[in-house]
Amino acid sequence: MKNSLAVAIEALSWMAYEGVGERTALFRASGQLGATHDELRQAHRIIMETTRFRNRIEHLTSALVPDSLEHIPHGVQSFLMILVYLSQIDQLEARKLQRVVSLGRQILGWRELHPYEEAIGRILTKQNSIRPQDETERVALETCHPMWFARRVMSVFGRGLGLQILKRNLTNVPLYVRVNPLKSSSHLDQQKFRDAVEVVGIQGVWRLGHLKTLSQQQSAVAAGEVVIQDLSAIVADLVACPVAGNTVLDVCSAPGNKTSHCAALMGNEGRILSVDLSSERMLQWNREMTRTGCLIAEAVMADARRLELNVEADVVIVDPPCSNSGVFAKNPSMKWRITPSRLNSLAIRQFTILQSSARYVRRGSNLIYCTCSILPEENEDVLIDFLRRNPDFHMTRQQPFLGSPGLKGLDLCQRFYTHLHDCNGYFIAKLHRD
Ligand SMILES: C[S@@+](CC[C@H](N)C(=O)[O-])C[C@H]1O[C@@H](n2cnc3c(N)ncnc32)[C@H](O)[C@@H]1O
(Lines give C-alpha, C1' and ligand atoms only; values in the text may rest on other atoms or scores of the structure.)
Protein backbone atom coordinates (compact mmCIF):
# COMPACT_ATOMS: atom_id res chain seq x y z
CA MET A 1 0.00 0.00 0.00
CA LYS A 2 2.84 2.42 0.82
CA ASN A 3 4.21 2.48 -2.71
CA SER A 4 0.74 2.69 -4.29
CA LEU A 5 0.02 5.72 -2.14
CA ALA A 6 3.38 7.29 -2.99
CA VAL A 7 2.79 6.77 -6.73
CA ALA A 8 -0.77 8.14 -6.45
CA ILE A 9 0.42 11.27 -4.58
CA GLU A 10 3.14 11.89 -7.16
CA ALA A 11 0.80 11.26 -10.11
CA LEU A 12 -1.93 13.57 -8.77
CA SER A 13 0.71 16.29 -8.35
CA TRP A 14 1.77 15.83 -12.00
CA MET A 15 -1.85 16.11 -13.07
CA ALA A 16 -2.48 19.26 -11.04
CA TYR A 17 0.67 21.12 -12.03
CA GLU A 18 1.48 19.83 -15.50
CA GLY A 19 -2.10 19.34 -16.69
CA VAL A 20 -1.38 15.78 -17.90
CA GLY A 21 -4.00 13.00 -17.93
CA GLU A 22 -4.30 10.01 -15.60
CA ARG A 23 -2.31 7.57 -17.72
CA THR A 24 0.64 9.87 -18.42
CA ALA A 25 0.81 10.91 -14.77
CA LEU A 26 0.72 7.31 -13.59
CA PHE A 27 3.37 6.33 -16.13
CA ARG A 28 5.71 9.15 -15.05
CA ALA A 29 5.18 8.61 -11.33
CA SER A 30 5.73 4.86 -11.53
CA GLY A 31 8.79 5.48 -13.74
CA GLN A 32 10.24 7.63 -10.95
CA LEU A 33 9.25 5.49 -7.98
CA GLY A 34 9.00 2.01 -9.48
CA ALA A 35 5.92 -0.09 -8.79
CA THR A 36 4.70 -3.66 -9.09
CA HIS A 37 1.68 -4.48 -11.20
CA ASP A 38 -0.58 -4.65 -8.16
CA GLU A 39 0.76 -1.38 -6.77
CA LEU A 40 0.11 0.28 -10.12
CA ARG A 41 -3.45 -1.00 -10.16
CA GLN A 42 -4.12 0.31 -6.66
CA ALA A 43 -2.53 3.68 -7.49
CA HIS A 44 -4.58 3.85 -10.68
CA ARG A 45 -7.81 3.36 -8.74
CA ILE A 46 -6.90 6.08 -6.21
CA ILE A 47 -6.01 8.53 -9.00
CA MET A 48 -9.14 7.79 -11.02
CA GLU A 49 -11.52 8.16 -8.08
CA THR A 50 -9.83 11.24 -6.61
CA THR A 51 -10.02 12.85 -10.06
CA ARG A 52 -13.59 11.73 -10.69
CA PHE A 53 -14.80 13.35 -7.43
CA ARG A 54 -12.45 16.33 -7.62
CA ASN A 55 -14.88 19.22 -7.19
CA ARG A 56 -16.71 17.52 -4.33
CA ILE A 57 -13.40 16.71 -2.63
CA GLU A 58 -12.26 20.35 -3.01
CA HIS A 59 -15.59 21.58 -1.64
CA LEU A 60 -15.40 19.25 1.39
CA THR A 61 -11.71 20.02 1.91
CA SER A 62 -12.39 23.75 2.04
CA ALA A 63 -14.61 23.16 5.10
CA LEU A 64 -12.03 20.94 6.83
CA VAL A 65 -8.64 22.48 6.01
CA PRO A 66 -8.03 26.10 7.05
CA ASP A 67 -5.59 27.05 4.25
CA SER A 68 -6.79 27.41 0.70
CA LEU A 69 -5.60 24.33 -1.21
CA GLU A 70 -3.35 26.26 -3.57
CA HIS A 71 -1.20 27.52 -0.69
CA ILE A 72 -0.44 23.97 0.46
CA PRO A 73 2.68 22.16 -0.89
CA HIS A 74 1.85 19.95 -3.88
CA GLY A 75 2.45 16.55 -2.29
CA VAL A 76 0.50 17.44 0.85
CA GLN A 77 -2.34 18.80 -1.25
CA SER A 78 -2.58 15.54 -3.22
CA PHE A 79 -2.42 13.53 0.00
CA LEU A 80 -5.23 15.56 1.62
CA MET A 81 -7.38 15.12 -1.50
CA ILE A 82 -6.86 11.36 -1.35
CA LEU A 83 -7.61 11.31 2.37
CA VAL A 84 -10.83 13.31 1.94
CA TYR A 85 -11.89 10.93 -0.83
CA LEU A 86 -11.16 7.81 1.25
CA SER A 87 -12.77 9.15 4.41
CA GLN A 88 -15.71 11.26 3.23
CA ILE A 89 -16.69 9.62 -0.07
CA ASP A 90 -15.37 6.04 -0.04
CA GLN A 91 -16.04 5.91 3.74
CA LEU A 92 -13.09 3.66 4.44
CA GLU A 93 -13.13 2.20 7.96
CA ALA A 94 -11.28 4.13 10.69
CA ARG A 95 -8.50 1.56 11.20
CA LYS A 96 -7.58 1.62 7.50
CA LEU A 97 -7.72 5.42 7.42
CA GLN A 98 -5.25 5.59 10.33
CA ARG A 99 -2.93 3.34 8.36
CA VAL A 100 -3.18 5.65 5.31
CA VAL A 101 -2.30 8.65 7.50
CA SER A 102 0.67 6.87 8.96
CA LEU A 103 1.89 5.93 5.46
CA GLY A 104 1.35 9.55 4.38
CA ARG A 105 3.63 10.69 7.21
CA GLN A 106 6.29 8.22 6.12
CA ILE A 107 6.07 9.26 2.46
CA LEU A 108 5.88 13.04 2.88
CA GLY A 109 7.76 13.37 6.19
CA TRP A 110 6.39 14.20 9.65
CA ARG A 111 7.61 17.77 9.40
CA GLU A 112 5.86 18.41 6.07
CA LEU A 113 2.52 17.12 7.41
CA HIS A 114 2.84 18.63 10.90
CA PRO A 115 0.99 21.92 10.13
CA TYR A 116 -1.97 19.91 8.82
CA GLU A 117 -2.36 17.37 11.65
CA GLU A 118 -5.38 19.19 13.10
CA ALA A 119 -7.04 19.25 9.68
CA ILE A 120 -6.24 15.56 9.21
CA GLY A 121 -7.95 14.85 12.54
CA ARG A 122 -11.07 16.67 11.30
CA ILE A 123 -11.00 14.80 7.98
CA LEU A 124 -10.88 11.49 9.82
CA THR A 125 -13.53 12.22 12.41
CA LYS A 126 -16.11 14.60 10.90
CA GLN A 127 -18.50 13.43 8.20
CA ASN A 128 -19.23 16.56 6.22
CA SER A 129 -21.98 17.11 3.72
CA ILE A 130 -21.93 19.44 0.72
CA ARG A 131 -23.31 22.98 1.09
CA PRO A 132 -24.21 24.16 -2.41
CA GLN A 133 -25.30 27.74 -3.01
CA ASP A 134 -27.93 26.87 -5.58
CA GLU A 135 -29.51 23.98 -7.46
CA THR A 136 -26.93 23.91 -10.29
CA GLU A 137 -24.07 23.80 -7.83
CA ARG A 138 -25.84 20.98 -5.99
CA VAL A 139 -26.09 18.92 -9.21
CA ALA A 140 -22.49 19.77 -10.10
CA LEU A 141 -21.25 18.64 -6.67
CA GLU A 142 -23.43 15.55 -6.47
CA THR A 143 -22.56 14.32 -9.96
CA CYS A 144 -19.02 15.79 -9.93
CA HIS A 145 -18.93 17.93 -13.07
CA PRO A 146 -18.04 21.55 -13.78
CA MET A 147 -21.11 23.74 -13.19
CA TRP A 148 -21.33 24.97 -16.77
CA PHE A 149 -21.32 21.38 -18.06
CA ALA A 150 -24.01 20.20 -15.63
CA ARG A 151 -26.16 23.20 -16.66
CA ARG A 152 -25.54 22.50 -20.35
CA VAL A 153 -26.41 18.79 -20.14
CA MET A 154 -29.64 19.49 -18.27
CA SER A 155 -30.64 22.17 -20.74
CA VAL A 156 -29.98 19.88 -23.78
CA PHE A 157 -31.45 16.63 -22.43
CA GLY A 158 -33.91 17.90 -19.80
CA ARG A 159 -33.45 17.49 -16.07
CA GLY A 160 -34.39 13.79 -15.75
CA LEU A 161 -32.29 12.40 -18.58
CA GLY A 162 -29.56 14.97 -17.91
CA LEU A 163 -29.19 13.74 -14.33
CA GLN A 164 -28.99 10.12 -15.49
CA ILE A 165 -26.24 11.02 -17.97
CA LEU A 166 -24.29 12.96 -15.35
CA LYS A 167 -24.68 10.38 -12.56
CA ARG A 168 -23.48 7.55 -14.77
CA ASN A 169 -20.08 9.26 -14.98
CA LEU A 170 -19.54 8.50 -11.29
CA THR A 171 -18.71 4.88 -12.11
CA ASN A 172 -16.46 3.11 -14.59
CA VAL A 173 -17.28 1.87 -18.08
CA PRO A 174 -16.54 -1.72 -19.13
CA LEU A 175 -13.77 -2.46 -21.57
CA TYR A 176 -14.43 -3.93 -24.98
CA VAL A 177 -12.09 -5.84 -27.24
CA ARG A 178 -12.42 -6.95 -30.81
CA VAL A 179 -10.71 -10.02 -32.15
CA ASN A 180 -8.23 -9.08 -34.86
CA PRO A 181 -8.46 -11.54 -37.76
CA LEU A 182 -5.17 -10.19 -39.18
CA LYS A 183 -3.34 -11.71 -36.21
CA SER A 184 -5.47 -14.58 -34.97
CA SER A 185 -8.45 -16.75 -35.79
CA SER A 186 -11.70 -14.83 -35.55
CA HIS A 187 -12.56 -16.53 -32.23
CA LEU A 188 -11.61 -15.17 -28.86
CA ASP A 189 -9.29 -17.47 -26.92
CA GLN A 190 -11.63 -18.05 -24.03
CA GLN A 191 -8.88 -19.67 -22.02
CA LYS A 192 -7.30 -16.23 -21.79
CA PHE A 193 -10.55 -14.25 -21.58
CA ARG A 194 -12.63 -16.27 -19.17
CA ASP A 195 -14.91 -13.45 -18.04
CA ALA A 196 -15.60 -12.06 -21.54
CA VAL A 197 -19.14 -11.88 -22.91
CA GLU A 198 -19.71 -11.52 -26.66
CA VAL A 199 -21.75 -8.44 -27.61
CA VAL A 200 -25.13 -9.50 -28.96
CA GLY A 201 -25.39 -8.81 -32.66
CA ILE A 202 -21.69 -8.07 -33.27
CA GLN A 203 -19.52 -11.07 -33.87
CA GLY A 204 -15.95 -10.91 -32.61
CA VAL A 205 -16.59 -8.06 -30.16
CA TRP A 206 -16.40 -8.86 -26.47
CA ARG A 207 -17.23 -7.02 -23.29
CA LEU A 208 -14.71 -7.42 -20.48
CA GLY A 209 -14.92 -6.25 -16.90
CA HIS A 210 -12.54 -3.49 -15.93
CA LEU A 211 -8.77 -3.02 -16.15
CA LYS A 212 -8.22 -5.69 -13.52
CA THR A 213 -9.45 -8.42 -15.82
CA LEU A 214 -7.54 -7.12 -18.77
CA SER A 215 -4.18 -7.42 -17.04
CA GLN A 216 -4.53 -11.20 -17.17
CA GLN A 217 -4.77 -11.14 -20.95
CA GLN A 218 -2.08 -8.63 -21.77
CA SER A 219 -0.07 -11.01 -23.92
CA ALA A 220 -2.95 -11.34 -26.42
CA VAL A 221 -3.25 -7.54 -26.53
CA ALA A 222 0.52 -7.07 -26.96
CA ALA A 223 0.52 -9.60 -29.80
CA GLY A 224 -2.30 -7.70 -31.56
CA GLU A 225 -4.60 -10.74 -31.45
CA VAL A 226 -7.20 -8.58 -29.76
CA VAL A 227 -7.55 -4.81 -29.86
CA ILE A 228 -9.01 -2.74 -27.04
CA GLN A 229 -11.55 -0.42 -28.62
CA ASP A 230 -14.77 0.95 -27.25
CA LEU A 231 -17.98 -0.62 -28.56
CA SER A 232 -19.21 2.73 -29.91
CA ALA A 233 -16.06 3.28 -31.99
CA ILE A 234 -16.22 -0.31 -33.27
CA VAL A 235 -19.79 0.34 -34.42
CA ALA A 236 -18.61 3.48 -36.27
CA ASP A 237 -16.14 1.37 -38.30
CA LEU A 238 -18.84 -1.22 -39.03
CA VAL A 239 -21.15 1.58 -40.20
CA ALA A 240 -18.33 2.84 -42.46
CA CYS A 241 -18.17 -0.72 -43.83
CA PRO A 242 -15.00 -0.65 -45.96
CA VAL A 243 -14.55 -3.76 -48.10
CA ALA A 244 -11.54 -5.42 -49.77
CA GLY A 245 -10.14 -3.28 -52.58
CA ASN A 246 -11.59 0.02 -51.30
CA THR A 247 -9.67 3.25 -50.93
CA VAL A 248 -10.28 4.65 -47.44
CA LEU A 249 -9.39 8.12 -46.23
CA ASP A 250 -9.11 8.08 -42.42
CA VAL A 251 -8.93 11.68 -41.25
CA CYS A 252 -7.65 12.37 -37.72
CA SER A 253 -6.43 8.83 -37.52
CA ALA A 254 -3.93 8.54 -34.67
CA PRO A 255 -3.41 6.38 -32.66
CA GLY A 256 -4.92 4.20 -35.37
CA ASN A 257 -7.80 2.18 -33.93
CA LYS A 258 -10.02 2.95 -36.89
CA THR A 259 -7.24 2.40 -39.44
CA SER A 260 -6.41 -1.03 -38.06
CA HIS A 261 -10.08 -2.03 -37.81
CA CYS A 262 -10.69 -0.93 -41.42
CA ALA A 263 -7.65 -2.97 -42.55
CA ALA A 264 -9.13 -5.98 -40.75
CA LEU A 265 -12.54 -5.44 -42.37
CA MET A 266 -10.82 -5.15 -45.76
CA GLY A 267 -8.73 -8.30 -45.19
CA ASN A 268 -5.62 -6.16 -45.80
CA GLU A 269 -6.63 -5.57 -49.43
CA GLY A 270 -6.97 -2.02 -50.75
CA ARG A 271 -5.51 1.26 -49.56
CA ILE A 272 -5.94 3.40 -46.46
CA LEU A 273 -4.62 6.95 -46.24
CA SER A 274 -4.37 7.94 -42.57
CA VAL A 275 -4.09 11.64 -41.89
CA ASP A 276 -3.05 13.19 -38.58
CA LEU A 277 -1.40 16.40 -37.47
CA SER A 278 0.52 15.10 -34.48
CA SER A 279 3.93 13.53 -35.08
CA GLU A 280 3.95 12.10 -31.56
CA ARG A 281 0.59 10.39 -32.05
CA MET A 282 1.66 9.19 -35.51
CA LEU A 283 4.56 7.34 -33.84
CA GLN A 284 1.93 5.56 -31.77
CA TRP A 285 -0.05 4.96 -34.99
CA ASN A 286 3.05 3.31 -36.53
CA ARG A 287 3.46 0.97 -33.56
CA GLU A 288 -0.24 0.16 -33.70
CA MET A 289 -0.07 -0.77 -37.41
CA THR A 290 2.86 -3.12 -36.73
CA ARG A 291 1.19 -4.65 -33.67
CA THR A 292 -2.12 -5.28 -35.43
CA GLY A 293 -0.64 -6.49 -38.74
CA CYS A 294 -2.07 -3.69 -40.87
CA LEU A 295 -0.19 -3.69 -44.20
CA ILE A 296 -2.25 -1.32 -46.36
CA ALA A 297 -2.12 2.01 -44.53
CA GLU A 298 0.01 5.02 -45.41
CA ALA A 299 0.63 7.78 -42.90
CA VAL A 300 -0.01 11.35 -44.06
CA MET A 301 1.18 14.00 -41.63
CA ALA A 302 -1.01 16.98 -42.46
CA ASP A 303 -3.42 19.55 -41.09
CA ALA A 304 -6.84 18.19 -42.05
CA ARG A 305 -8.25 21.72 -42.18
CA ARG A 306 -6.16 22.31 -45.30
CA LEU A 307 -5.84 18.95 -47.03
CA GLU A 308 -4.16 18.77 -50.43
CA LEU A 309 -4.56 15.16 -51.55
CA ASN A 310 -4.99 13.54 -54.89
CA VAL A 311 -7.45 10.81 -54.03
CA GLU A 312 -11.06 9.76 -54.53
CA ALA A 313 -12.13 7.62 -51.60
CA ASP A 314 -14.82 4.95 -51.33
CA VAL A 315 -15.04 5.63 -47.63
CA VAL A 316 -14.01 8.78 -45.75
CA ILE A 317 -13.93 8.66 -41.95
CA VAL A 318 -13.64 11.91 -39.99
CA ASP A 319 -12.93 11.49 -36.26
CA PRO A 320 -11.84 15.00 -35.23
CA PRO A 321 -10.60 16.10 -31.79
CA CYS A 322 -13.53 16.78 -29.45
CA SER A 323 -14.41 17.68 -25.88
CA ASN A 324 -14.45 13.95 -24.95
CA SER A 325 -17.69 14.61 -23.09
CA GLY A 326 -18.73 11.00 -23.78
CA VAL A 327 -15.62 9.64 -22.10
CA PHE A 328 -15.81 11.39 -18.72
CA ALA A 329 -16.63 8.11 -16.95
CA LYS A 330 -13.51 6.47 -18.38
CA ASN A 331 -11.12 9.46 -18.25
CA PRO A 332 -12.41 11.76 -15.49
CA SER A 333 -9.57 14.30 -15.84
CA MET A 334 -11.04 15.34 -19.20
CA LYS A 335 -14.13 16.88 -17.61
CA TRP A 336 -11.97 19.35 -15.69
CA ARG A 337 -10.09 20.47 -18.81
CA ILE A 338 -12.91 21.42 -21.15
CA THR A 339 -14.34 24.96 -21.03
CA PRO A 340 -17.17 26.63 -22.98
CA SER A 341 -14.70 28.63 -25.07
CA ARG A 342 -12.65 25.52 -25.87
CA LEU A 343 -15.91 23.82 -26.87
CA ASN A 344 -16.65 26.65 -29.31
CA SER A 345 -13.23 26.47 -30.90
CA LEU A 346 -13.47 22.67 -31.18
CA ALA A 347 -16.81 23.00 -33.01
CA ILE A 348 -15.22 25.40 -35.52
CA ARG A 349 -12.29 23.02 -36.03
CA GLN A 350 -14.63 20.03 -36.45
CA PHE A 351 -16.66 21.82 -39.11
CA THR A 352 -13.54 22.92 -41.01
CA ILE A 353 -12.04 19.41 -40.96
CA LEU A 354 -15.34 17.87 -42.12
CA GLN A 355 -15.72 20.39 -44.92
CA SER A 356 -12.15 19.93 -46.14
CA SER A 357 -12.36 16.09 -46.02
CA ALA A 358 -15.71 15.86 -47.82
CA ARG A 359 -14.12 16.83 -51.15
CA TYR A 360 -12.43 13.44 -51.32
CA VAL A 361 -15.62 11.33 -51.12
CA ARG A 362 -16.17 9.61 -54.48
CA ARG A 363 -19.67 10.35 -55.85
CA GLY A 364 -22.01 7.56 -54.79
CA SER A 365 -19.87 6.83 -51.70
CA ASN A 366 -20.11 7.60 -47.99
CA LEU A 367 -18.58 9.78 -45.33
CA ILE A 368 -18.64 8.89 -41.63
CA TYR A 369 -18.40 11.68 -39.06
CA CYS A 370 -17.97 10.63 -35.44
CA THR A 371 -16.96 12.06 -32.08
CA CYS A 372 -16.79 10.78 -28.52
CA SER A 373 -18.87 13.75 -27.41
CA ILE A 374 -22.55 13.84 -26.47
CA LEU A 375 -22.92 17.60 -26.96
CA PRO A 376 -24.93 18.74 -30.02
CA GLU A 377 -22.53 21.66 -30.66
CA GLU A 378 -19.93 19.11 -31.82
CA ASN A 379 -22.37 16.81 -33.59
CA GLU A 380 -25.82 17.71 -34.93
CA ASP A 381 -25.01 21.45 -35.15
CA VAL A 382 -21.85 20.75 -37.21
CA LEU A 383 -23.82 18.46 -39.53
CA ILE A 384 -26.78 20.78 -39.97
CA ASP A 385 -24.37 23.50 -41.06
CA PHE A 386 -22.49 21.07 -43.31
CA LEU A 387 -25.65 19.76 -45.02
CA ARG A 388 -26.87 23.33 -45.61
CA ARG A 389 -23.64 24.17 -47.45
CA ASN A 390 -23.22 20.83 -49.26
CA PRO A 391 -26.49 19.89 -50.98
CA ASP A 392 -24.84 16.94 -52.76
CA PHE A 393 -24.65 15.12 -49.37
CA HIS A 394 -27.55 13.63 -47.43
CA MET A 395 -27.84 11.65 -44.21
CA THR A 396 -28.25 7.92 -44.72
CA ARG A 397 -29.27 4.82 -42.72
CA GLN A 398 -26.70 3.12 -40.48
CA GLN A 399 -26.14 -0.58 -40.05
CA PRO A 400 -25.64 -1.77 -37.33
CA PHE A 401 -27.76 0.59 -35.25
CA LEU A 402 -27.29 -0.19 -31.54
CA GLY A 403 -27.55 3.34 -30.18
CA SER A 404 -30.27 6.01 -29.94
CA PRO A 405 -31.37 8.39 -32.73
CA GLY A 406 -29.69 11.77 -33.17
CA LEU A 407 -31.18 15.02 -31.85
CA LYS A 408 -32.63 18.01 -33.71
CA GLY A 409 -34.47 15.84 -36.23
CA LEU A 410 -31.35 13.96 -37.37
CA ASP A 411 -32.89 10.59 -36.51
CA LEU A 412 -30.58 8.65 -38.83
CA CYS A 413 -27.59 9.60 -36.70
CA GLN A 414 -26.61 7.20 -33.95
CA ARG A 415 -25.91 8.33 -30.39
CA PHE A 416 -24.47 6.27 -27.56
CA TYR A 417 -24.92 7.16 -23.90
CA THR A 418 -23.00 5.44 -21.14
CA HIS A 419 -26.08 5.09 -18.91
CA LEU A 420 -28.08 3.42 -21.70
CA HIS A 421 -25.53 1.50 -23.73
CA ASP A 422 -22.80 0.70 -21.17
CA CYS A 423 -20.03 2.08 -23.37
CA ASN A 424 -18.56 5.53 -24.04
CA GLY A 425 -20.86 8.37 -25.06
CA TYR A 426 -20.47 8.71 -28.83
CA PHE A 427 -21.98 10.14 -32.00
CA ILE A 428 -22.00 8.70 -35.53
CA ALA A 429 -23.35 10.27 -38.74
CA LYS A 430 -23.29 8.58 -42.14
CA LEU A 431 -23.53 10.88 -45.16
CA HIS A 432 -24.02 9.76 -48.74
CA ARG A 433 -22.68 11.84 -51.63
CA ASP A 434 -24.99 11.91 -54.68
C1 LIG B 1 -10.29 11.45 -31.64
S2 LIG B 1 -8.63 11.37 -32.04
C3 LIG B 1 -8.62 10.22 -33.36
C4 LIG B 1 -8.69 8.77 -32.95
C5 LIG B 1 -8.45 7.83 -34.12
N6 LIG B 1 -9.38 8.05 -35.21
C7 LIG B 1 -8.49 6.37 -33.75
O8 LIG B 1 -9.47 5.70 -34.05
O9 LIG B 1 -7.53 5.89 -33.12
C10 LIG B 1 -8.38 12.90 -32.87
C11 LIG B 1 -7.06 13.02 -33.61
O12 LIG B 1 -7.13 14.24 -34.37
C13 LIG B 1 -5.82 14.74 -34.53
N14 LIG B 1 -5.94 16.14 -34.98
C15 LIG B 1 -6.29 17.24 -34.28
N16 LIG B 1 -6.34 18.33 -35.07
C17 LIG B 1 -6.02 17.90 -36.33
C18 LIG B 1 -5.89 18.53 -37.58
N19 LIG B 1 -6.13 19.85 -37.73
N20 LIG B 1 -5.51 17.80 -38.64
C21 LIG B 1 -5.27 16.47 -38.51
N22 LIG B 1 -5.37 15.81 -37.35
C23 LIG B 1 -5.75 16.51 -36.27
C24 LIG B 1 -5.21 14.53 -33.16
O25 LIG B 1 -3.80 14.51 -33.25
C26 LIG B 1 -5.82 13.18 -32.74
O27 LIG B 1 -4.90 12.16 -33.04
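1. The model is predicted, so local features need pLDDT of at least 70 and side-chain atom pairs count only at pLDDT 80 or more, while totals for chains, interfaces and linings use all residues. Residues are numbered from 1 along each chain as its sequence is written, and side-chain values use heavy atoms, with hydrogens and water left out.

2. Most peptide bonds are trans, and most residues other than glycine have a negative phi. A cis peptide bond links A254 to P255, with omega at about 10 degrees, and P255 sits in the loop between β5 (247-251) and α15 (257-265). The bond from Q399 to P400 is also cis, with omega near 0 degrees, and P400 belongs to the loop between β10 (393-395) and β11 (404-405). Helices (H or I, at least four residues) and strands (E, at least two) are DSSP runs, numbered from the N terminus.

3. N268, which is not a glycine, has a positive phi near 60 degrees, and its place is the loop between α15 and β6 (271-276). With a relative accessibility of 18%, N268 counts as buried, a term that means under 20% relative accessible area, with exposed over 50% and partly exposed in between (1.4 Å probe, protein chains only). N324 likewise has a positive phi, of about 65 degrees, and lies in the loop between β8 (313-318) and α17 (333-337).

4. Helix α18 (residues 340-358) has 19 residues and should span 27 Å at 1.5 Å a residue, which agrees with the 27 Å between its end C-alpha atoms; the expected span is 1.5 Å times one less than the number of residues. The buried residues of α18 include L343, L346, F351, I353 and L354.

5. The second largest pocket has a volume of about 350 Å³, where a volume is the space filled by probe spheres set on grid points joined across faces, edges and corners. On a 1 Å grid over the protein atoms alone, a pocket is an open set of points where a 1.4 Å probe fits, with protein on both sides within 12 Å along at least five of seven lines, and lining residues have an atom within 4 Å of a point.

6. Of the 18 residues that line the second largest pocket, L12, M15, A16, R54 and E58 lie nearest its centre. Among the elements that each supply at least two lining residues are α1 (2-18), α3 (37-52) and α17. Because domain 1 (2-125) and domain 4 (231-433) both contribute to the lining, the second largest pocket lies between them; the domain bounds come from an automatic or database domain assignment.
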